[in-house]
Amino acid sequence: MTPQTAVHPALNRVLFDEETLRARIKELGAQITRDYAGKRLVVVGVLKGSVIFLADLLRAIGPAVDVETDFVAVSSYAGTASTGAIRTLLDLRQSPEGKHLLLIEDIVDTGLTLTSLTETLRAHHPSSLEVCTLLDKTECRKVPFTPKYVGFKIPNEFVVGFGLDYDERYRQLPCVGVLKI
Ligand code: IMP
């Protein structure tokens with residue numbers, strides 16, 4: 001499959017196929033392993049979009065890192081437009097105080113979700129707090145936000161697949177593609 005081949009009738013085109021995603025996630029895992037070697041790291045998936053990325057990324061982190069996993073849920077978009085309102089729906093099971101936290105997100109768009117979430121978590125005094133996102137729409141920021149780990153920068157187009165949805169659909173696609181609207 002070439003990156004331009006559509007694999008689903010809902011897609012205009014494929015941006016990243018399975019092979020490309022797998023290779024980049026392996027690189028991110030290696031980088032995270034180097035950066036946190038010898039430490040205990042709490043990898044926190046932001047539900048629901050990050051779950052497929054998180055599952056692959058966790059397996060790309062080597063045994064040099066002592067990994068714990070946890071999840072948070074925040075309210076997100078209805079359809080393709082930002083509501084602007086961010087609400088925490090599910091909180092961490094354990095206090096983040098004194099822990100190294102790595103938040104895993106599917107995509108950073110306006111930056112509002114992660115700005116709000118990182119501010120909330122920082123108030124609980126983690127030892128460190130970084131963000132790893134599969135995709136980054138840098139040109140869409142409403143607030144400045146720079147994740148430390150980025151899989152791919154993408155232009156301002158609505159994408160689905162590999163965990164990303166449009167009203168809860170298309171998360172199961174094995175690639176990331178631009179949705180036909
Ligand atoms: P932000 O607060 O605007 O940065 O939004 C981040 C969240 O918006 C992501 O976790 C996604 O749930 C959603 N989102 C933003 N852009 C897209 C997209 O192109 N496809 C699917 N979801 C998106």
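The legends below accompany an overall view and several close-up views of a predicted model.

In this predicted model, local features need pLDDT of at least 70 and side-chain atom pairs count only at pLDDT 80 or more, while totals for chains, interfaces and linings use all residues. Residues are numbered from 1 along each chain as its sequence is written, and side-chain values use heavy atoms, with hydrogens and water left out.

**View 1. Overall arrangement of the protein, with three helices and nine strands.** Helices (H or I, at least four residues) and strands (E, at least two) are DSSP runs, numbered from the N terminus, and their order from that end is β-α-β-α-β-β-β-α-β-β-β-β. Of the 181 residues, 49% count as buried, where buried means under 20% relative accessible area, exposed over 50% and partly exposed in between, with a 1.4 Å probe and protein chains only.

**View 2. The stacked rings of F16 and F152.** Two aromatic pairs are present in the structure; rings of Phe, Tyr and Trp (its six-membered ring) pair if their centres lie within 6.5 Å, and planes under 30 degrees apart count as stacked, over 60 as edge-to-face and the rest as tilted. The centres of the F16 and F152 rings are 4.0 Å apart with the planes at 20°, so this pair is stacked. It links distant parts of the chain, 136 residues apart, with F16 in strand β1 (residues 11-16) and F152 in strand β7 (residues 149-153). F16 is buried at a relative accessible area of 12%, and F152 is buried at 14%.

**View 3. The edge-to-face pair of F158 and Y166.** Here the ring centres are 6.0 Å apart and the angle between the planes is 80°. F158 counts as buried, at 17% relative accessibility, whereas Y166 is partly exposed, at 28%.

**View 4. The salt bridge between R40 and D66.** A salt bridge is a side-chain nitrogen of Lys or Arg within 4 Å of a carboxyl oxygen of Asp or Glu, and by this rule the count is nine. The N to O distance for R40 and D66 is 3.2 Å. Because R40 lies in strand β2 (residues 40-47) and D66 in strand β3 (residues 66-74), the pair ties together parts that are 26 residues apart in sequence.

**View 5. The salt bridge between E168 and R171.** These side chains meet at 2.7 Å, N to O; E168 is partly exposed, at 46% relative accessibility, while R171 is buried, at 16%. Salt bridges that share partners join K48, D165, E168 and R171 into one network.
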